[in-house]
Amino acid sequence: MAAPRLTATASQTIGPFWHLIEHAEMADLLRFGATGEAITVTGTITDGAGQPVADAAVEIWQSSPPVSDSFPAYGRARTDTAGRFEFRTLKPGPVPGLGNAQQAPHLAVTIMARGILRGLTTRLYFQGEPLNDTDPVLSLIDDPAQRATLLARPAGPGAWTLDIRLQGENETVFMDI
Amino acid sequence: MTVDAAGFRPLQPRTQPPNDSPEYGSTRLRHPARPALRIPQSVTETTGPVLSPKHFPPMPDLTMLTGQAAMGERIIVRGRVVDEDNRPVPSTIIEIWQANAAGRYDHPGDTHDAPLDPNFHGEGRVFSDEDGWYQFTTIKPGAYPWGNHHNAWRPNHIHYSLFGTGFAQRLITQMYFPGDPLLPLDPIFLATPDAAARNRLIASFDIEATQPAWALGYRFDFVLRGRNATPMENT
Ligand SMILES: [Fe+2]
């Protein structure tokens, strides 16, 4: 493979003042009228001392259901003073993977904040999905406790929640994509 | 069989800042202790959101928010969005935010004792054209103090958010100005180990972009990750 002619621009932190581009409606992926299985996805982000990360930008992206005029498949939310974020979206279905692999339903998640120089990428899966057992990404994680850091749990009808720990005990599995 | 978009090549070593960067104090409790898990790229990573002008109208002039001119040194910033193979990335959104000329953000979390400007908010938004070119007009942001260490000041900078064509191309960065004496003292700028990569975050003065009797011009190009030559195959 030929060496690239240019080098990708270096990332820098999103900083504490990114809310100038926040636009709260971006956390609602149903705002353009998408129909389907509506869910809320919430979570809490904590740091290595267990303290809430109150100034983070959380982004989700999903390849299922596909992007359409009524469904952006992408959302952005802030964390509040308790480190909590919330999205409204459609429940994803299975996603094609490499070869014959089917990926379990998932959301891509990126966390950006003051003190994070390059956005931290992870995935949110849904507890109890049969495809979780054969998902090609979850299968890379041997330790069940680490795998569990990616599994959102039910939090009421149509509601899912996942706690994200940036560092330390129960540290979320972050991914190099 | 379906053929997905090609995956992205790995980033070049030392050209991105490590999240464990002790000189930048806020990284201490916010960097994962375990190395990131390398995962195969799938459609989740090789495709990405498309933010269109229909829902995100362009805001290419940050200086005329109210119809009255914002205070400060008016500047024009222009450049290209390309990938590592120097191919233009067309029609992609660039989100922009910054402090005002006095070094103050119009943000409730900014407690710096410097004046707000009623005619400046500090948010902009442009889209690259079919050849990857973008341009906007703003005022040069001021330096501002922060609590990282004794007498810490951020160099003048503008914040950017780009998406490109795949979620793995997402880029959040900051653009600096040539000759800023604060750059060699700034732990955020210095966090990128490779000096050449770091220095590419500094815009260059651009006499061609400068408009007579109106505004100085600066040039700043964004380079997003390149794709592999061969698409991945799903059978
Ligand atoms: Fe800033």
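**The interface between chain A and chain B**

In this predicted model, 81 residues of chain B are in contact with 66 residues of chain A, where contact means heavy atoms within 4.5 Å. Local features need pLDDT of at least 70 and side-chain atom pairs count only at pLDDT 80 or more, whereas totals for chains, interfaces and linings use all residues; side-chain values use heavy atoms, with hydrogens and water left out. Residues are numbered from 1 along each chain as its sequence is written, and chains are lettered from A, and ligands numbered from 1, in the order in which they are written.

The size of an interface is often given as the accessible area lost when the parts come together. Here chain B and chain A bury about 6600 Å² between them, and 59% of this lies on carbon and sulfur atoms. Buried area is the accessible area, found with a 1.4 Å probe, that two parts lose on being put together, summed over both. On the side of chain B, the residues that lose the most area to chain A are B:Arg30, B:Arg34 and B:Phe167, which together make up 13% of what that side buries.

Polar and charged groups also meet across the interface. There are 42 residue pairs in polar contact between chain B and chain A, both residues being at pLDDT 80 or more. A polar contact is a pair of N or O atoms within 3.5 Å; within protein, one must be able to donate a hydrogen and the other to accept it, and residues adjacent in sequence count only if both atoms are side-chain atoms. Five salt bridges are counted between chain B and chain A, a salt bridge being a side-chain nitrogen of Lys or Arg within 4 Å of a carboxyl oxygen of Asp or Glu. One salt bridge joins the side chains of A:Asp176 and B:Arg38, at 3.9 Å from N to O.

Strand E10 (residues 171-176) of chain B gives the most to the side of chain B that touches chain A, with five residues. Helices (H or I, at least four residues) and strands (E, at least two) are DSSP runs, numbered from the N terminus. That side of chain B divides into 34 nonpolar, 28 polar and 19 charged residues. Ala, Val, Leu, Ile, Met, Phe, Trp, Tyr, Cys and Pro count as nonpolar, Asp, Glu, Lys and Arg as charged, and the others, Gly among them, as polar.

Two strands pair if DSSP finds at least two bridges between them. Within this pairing, A:Met175 stands opposite B:Leu37 of E2(B).

In chain A, A:Asn170 is placed in the loop between strand E10 (159-165) and E11. A:Asn170 has a positive phi of about 60° although it is not a glycine. Most residues other than glycine have a negative phi, and most peptide bonds are trans.
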